[in-house]
Amino acid sequence: GRMPRRVPPQEEVDKLSAELRELIKDLPDQDGYTKEPLTLVRYLRARDWDVHAAFKQLRDSLEWRAEYKPMGITCTFCTERPGYHSWRQVGFDKQGRAVTYSCISQGKTSGLVPEDCIMHAVYLLENMVPSLAGSAESYVWVLDFTGITMVSCNPRLAAATNRVMSRHYPERLGYALLLNAPWIFNATWIAMKTFLDAETVAKITFIKDHDLDSSFTERFPPELATWMAEEVRINKVITPEQITFWKPPTPGAHDPRGCSSYVREYIEPAVAA
C-alpha cells in the first residue's frame, strides 16, 4: 500500500495555493470554478502537494468544464425516465457533509452505460456543492446493494465514473458505506481495487447488517440515522412507493426523498419553483 499523504502546515498550504493561483491566472474559467480557495487546496492535496501536477490536473478540469458545462447540467436520463438512477442526496452527516444514498433495487440496473452514469454523478455533485455548510467540502455515499444481480455488477461503469470523479472532482468523497454487499460483488470489488487509488479504498467501509444502526448513529444526526435505517429496511421488500422514490409519499408514510429537514429545506422549495 501507499504511504499516507502528508499534511503540510497551514503556511505551506497557503504558499503552494498562491503558487498554483499564479500558474492558472491566465486560464479561462467560465463558471468561476477556481474562485473558491478550497478548490485549489483539493487539487494540491490530490496531487500530494506537487504544484505542477496540481496545475496540470486543474487545467484539464477547466478544459473539461468549458466543454462539458457541468454547472447547468441535469441528468437527461432521469428527466426522460424518472427513477433511472436512484443515487440522490438525502441529508447531511454530523460534520455537515452531503449524504447521498442509492439502492440497486430502486434504479435501473441493466443497460446502463458510462455516459449516463457520468452525467448523473456530475449532476449530483454540482447540485450538492452549494448545499454544503461551513468547512464541509465532501460527500458521503451510502450504497445499498439490495436487489443486486450479476448484470448490475459492472466494474466498467464504476471505472468510467471514477475516472471523471477523480480527475475533475478530486478529494470530494468523504467516505462510502457499502451495505448488504453479497458474495457476487467480491469479483467486482477486486476489479475495482485495481483502478481505485489507496486513499479512496481506505474511505470505503463494508457494513454488516447487525452494525447498520450503530454505523448510522455514529455518523449521522438522529433524524437522518432513523431515516436511513428505515429506508434500508423497506427496500429489502420493495414497495411501489419506494420504487417511485422521487415522488412525495402518502401523508404519514416514510419519505424516500430524504429525511424531513432535507426535504423541507431543499426538495420542496425546488419542486415549488
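The model is predicted: local features need pLDDT of at least 70, side-chain atom pairs count only at pLDDT 80 or more, and totals for chains, interfaces and linings use all residues. Residues are numbered from 1 along each chain as its sequence is written, and side-chain values use heavy atoms, with hydrogens and water left out. Helices (H or I, at least four residues) and strands (E, at least two) are DSSP runs, numbered from the N terminus. Buried means under 20% relative accessible area, exposed over 50%, and partly exposed in between (1.4 Å probe, protein chains only). Contact, or touching, means heavy atoms within 4.5 Å.

**Helix α1**

- Helix α1 covers residues 10–24, and at 1.5 Å a residue its 15 residues should span 21 Å. The expected span is 1.5 Å times one less than the number of residues. The end C-alpha atoms of α1 are 21 Å apart, which agrees.
- Val13, Leu16, Ser17, Leu20 and Ile24 are the buried residues of α1. Seen down the axis of α1, they fall within an arc of 105°, so they line one face of the helix. The arc is that of the directions from the helix axis to the C-beta atoms.
- Exposed Glu11 and Lys15 sit on the face of α1 turned away from its buried side.
- The packing partners of the buried α1 residues are α2 (37–46) and α3 (51–68).

**Helix α7**

- Phe185, Thr188, Trp189 and Met192 are buried in α7, which runs over residues 185–193. Their arc around the axis is only 100°, which puts them on the same side of α7.
- Ala187 and Ile190 are exposed, on the face of α7 turned away from its buried side.
- The cover over the buried α7 residues includes α6, β4 (173–179), α8 (198–202) and β5 (204–207).

**Nonpolar cores**

- A nonpolar core is a set of buried Ala, Val, Leu, Ile, Met, Phe, Trp, Tyr and Cys residues joined through side-chain atoms within 4.5 Å. In soluble globular proteins, nonpolar side chains tend to be buried together.
- The largest nonpolar core has 23 residues, of which Val122, Leu125, Met128, Tyr139, Met165 and Tyr169 touch the most other members. At least two residues of this core come from each of α4 (76–80), α5 (114–128) and α6 (155–168). Helix α5 gives the largest share, seven residues.
- Met165 touches Ala121, Val122, Leu125, Tyr139 and Pro170, not counting residues up to four places away in sequence.
- A second, separate core has 22 residues, among them Val99, Val140, Ile207 and Trp227.

**The α3–α5 crossing**

- The axes of α3 and α5 come within 14 Å and cross at roughly 105°. Helices α3 and α5 are therefore roughly perpendicular to each other, a class that takes in angles of 65 to 115 degrees; under 35 counts as roughly parallel, over 145 as roughly antiparallel and the rest as oblique.
- Axes are lines fitted to C-alpha atoms, for helices over the stretch in contact, and angles run from 0 to 180 degrees between N-to-C directions.
- Trp64, Arg65 and Tyr68 of α3 make the contact with Ile118, Met119, Val122 and Glu126 of α5.

**Buried helix residues**

- Arg42 is in helix α2. Arg42 is buried, with a relative accessible area of 1%. Not counting residues up to four places away in sequence, Arg42 touches Glu36, Glu137, Pro170, Glu171 and Arg172.
- Ala121 belongs to helix α5 and is buried, at a relative accessible area of 0%. Its contacts, leaving aside neighbours within four places in sequence, are Trp87, Thr161 and Met165. Ala121 and Trp87 are 34 residues apart in sequence, yet 8.2 Å apart in space, C-alpha to C-alpha.

**Loop residues**

- Most residues other than glycine have a negative phi.
- Lys69 has a positive phi of about 50° although it is not a glycine. Lys69 lies in the loop between α3 and α4 and is exposed, with a relative accessible area of 53%.
- Glu171 also has a positive phi, about 60°, and is not a glycine. Glu171 is in the loop between α6 and β4 and is buried, with a relative accessible area of 16%.
- Asp197 is in the loop between α7 and α8. Asp197 is partly exposed, with a relative accessible area of 28%. The C-alpha atoms of Asp197 and Ser166 are separated by 9.3 Å, at 31 residues apart along the chain.
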